[in-house]
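Here's a quick briefing on the disulfides and the confidence behind them. Have a look at the model first.

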Amino acid sequence: MKRILLTGAALAALNATPVFAQETLATVEERGILNCQVGLPTPGFYALAEDGTWSGMDVDLCRGVSAAIFGDPDKVEYQSVTSAVRFTALANAESDMLSRTTTWTAVRDTQLGLDFTTVNFYDGQGFLVPADSGITSALELDGGVICVLTGTTTELNLADYFRANEMSFTPVTNENVNVLVETYLGGGCDAYTNDKSGLAARRSAFPSPDEHILLPETVSKEPLGPVVRQGDDAWANLVRWVIFGMINAEELGVSSENVDEMATSTDPNIARLLGSEGNIGEGLGVKPTFMIDVIKMVGNYGELYEKHIGANTPIGIPREGTLNALWTEGGIIYAPPFR
Amino acid sequence: MTSDLQTFVPRPDRPPPADSAGVAAWIRKNLFSDIPNALMTLLGAYIAFTVLSAVLNWALFNAVWSADTRRECLDAVGRAGACWPGVAIWFENLIYGLYPKDQVWRINVGFLALILWMVPLWIPRVTSKIGIGLSAVMLYPFLASYFFLGGDKGVVWTGLIALGLTGFVIVWATALTETLQAKTAGAWLIDALGRANAEEKMQTRIRLLAVLAIFLLACLAVWSVSFTEVRTRFWGGLFLTLVISGIGITFSLPAGIMLALGRRSNMPVIASLSTIFIELFRSVPLITILFMFNTMLPLFMPAGTEVNQLLRAIVAVCLFASAYMAEIIRGGLQAIPNGQYEAAHSLGLTYWQTTSQVVLPQALKIMIPAIVGNFIGLFKDTTLVSIIGLFDLMNMARAIGEDTNWLGLFIEPFFVVSLIYFVFCFAMSSYSIGLEKKLATGRDTG
């Protein structure tokens, strides 16, 4: 009973808007460090090296925000938090932003006291099967044994998909990805399901990756992006526009290599992005040329993608033709204009 | 009169029959005494051989010892052999977590100080063992805290660290004088000053002055040293596991004793408060308490107060462990016959004298196996802090398999981590058996 009461109290406290919400930027500036929450080490998005440094797609968003505020991408302290406690850790102000492949859903956006800023990666759930099984479509998996992580939306999506297509399946569940992968490789299940980025990463570490294929179907929408506490719109704007800035930079051809030359460009779009014209930084509480620092020290969106998860990395998720291509190239990575 | 009584001289023993002595006989008697036994032996040997050869083949004979990525291991031997280079590269992290590499010596020195602090406990001629043990529990943490944490130290913290250092100096002074001169450091000092005949008050004053002088010197020493700050977020690996379980263990024993005494107390308020505390923390799984402390405690705190995540985990572990310890100790207290209490009372001993000199020494002795069992359990339970994102030994092992170069490498790290856990738990267990033998606690031997 006591526990129920306490849990209720905690949930009530979670829903209440925290009183310290308004001044995140000022707090961060005073502290001199951005507290950025990532997940347990995951290749491509927030990978931990043995020297203690973090890298990856989501880590670079934190570095980008740090560069925008301090002109230094490394004034970040990473908090590695399990998915079970990620939202409370953000809601009670242990971290300033959460950048850890979190799916944007209505419930999370509206009921947890959190704000999703924007999407930096479009993922979706898929299936991995052995190539010699002859299966070429998820619709052929009727009656199959499927390996799936417990306690994730993945498990629910799987059930939804099979029910919608009037098929049956036997789940093999575990909470440890490595155990599931061992089961799958040992022939314990016909298919392994997870977000496609995760499947690609895992397959790259199989003894013989070519013997396994990703089925074409995508059975769920997983828009992933950074999250901030609700109630501090100025802070949410800053995080959001750093990402928009990175996307705009790619679209305008500004990269970490040419940003110095571009700084004197006469193209009004580039001039506004890099702060030689107008003063977008002022509205965000940072200096006008903040995007120069972000791009020079971290990179534009395309550079981040190719560096951490692109075709030439061990993860190897090609970008062309996927949702994560720029809108000008058939994808849906699109940012409002910098003006 | 002479007696010609002959003294009986037994003949020397004849050697046992050849078929009942020696290795062959032992084997026949214990392993092949009849057909079912022989079959069981063969089966056992077969199973042992299969398991051992599989493990050895995997871990040693087929293993890859040098590679840059797991891909190279897989190309070389597939999954038939272990891929040790990944674990080797990460090994330092398994021990020290993400602690900055150039600061790791501080952890080593910190633990070395603890070992040095404890060494006098094993020197037979040292007599103030209780004092030394207590000082290690009460004062060492202050010294260690600065080695591990570093950073700005205010006046209060400087004082506490100096107190730790003072404790260390006095412990070794005592150990030296007791070993060499068979007297305490204080007595030695007074003798050296030639004040052995001075009155008691004077002697006390001299001792206090000496302690004060050491303390001031320690303050100066502490003041002049400064380490860079290493935030607890970088703590991890075996180091973190030892910190959490070490604090849990040292806290839970005295707290458990107090709670157990409280629960048996005649004072209703104390008895019911102790009972409530014990039952509350014992009825909830540790993982729930960890979650409670980790995610909900900050919600009840005034806005802006920041309680360190590690501290929250440690507090949770301490409270949980002391509730369990309290019940073990209460069990031990109940095993002491009532006659002991009555005899102590009739001698005119007060409650505290009865408890500390009659009951607890007997109770703690019979409880050694249970207490050490609880310590071992606590040591292993600390793996649960990985759930709230602290990089303890377990979580660090998992991180290896998520490194891009070593993706999917998880059996090898867990194998190594199991070995580390085994070494520590086995050491604790052996020590407790040694302690039991030394104190001869078994009922049957008394």
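A disulfide here is a pair of cysteine sulfur atoms within 2.5 Å. This is a predicted model, where local features need pLDDT of at least 70, side-chain atom pairs count only at pLDDT 80 or more, and totals for chains, interfaces and linings use all residues. Residues are numbered from 1 along each chain as its sequence is written, chains are lettered from A and ligands numbered from 1 in the order written, and side-chain values use heavy atoms, leaving out hydrogens and water.

**Disulfides in chain A**
- By that cut-off, there are three disulfides over all chains, and those of chain A run 1-2, 3-4, counting bonded cysteines along the chain.
- Cys147(A) is bonded to Cys189(A), S to S 2.0 Å, and at -95° about the S-S bond this link is left-handed.
- Cys36(A) pairs with Cys62(A), with sulfurs 1.9 Å apart.
- Cys36(A) is buried (under 20% relative accessible area; exposed is over 50%, partly exposed in between; 1.4 Å probe, protein chains only), at 0%.

**Cysteines in chain B**
- Cys73(B) and Cys83(B) form a disulfide with sulfurs 2.0 Å apart; its S-S torsion is about 65°, so it's right-handed.
- Both Cys73(B) and Cys83(B) are buried.
- Cys318(B) is in no disulfide, and the nearest cysteine sulfur, from Cys425(B), is 18 Å away.

**Confidence in chain A**
- Mean pLDDT (the predictor's confidence in each residue, from 0 to 100) is 88 for chain A, with 93% of its residues at 70 or more.
- Residues 1–21 of chain A stay under 50 in pLDDT.

Notes. Contact = heavy atoms within 4.5 Å.
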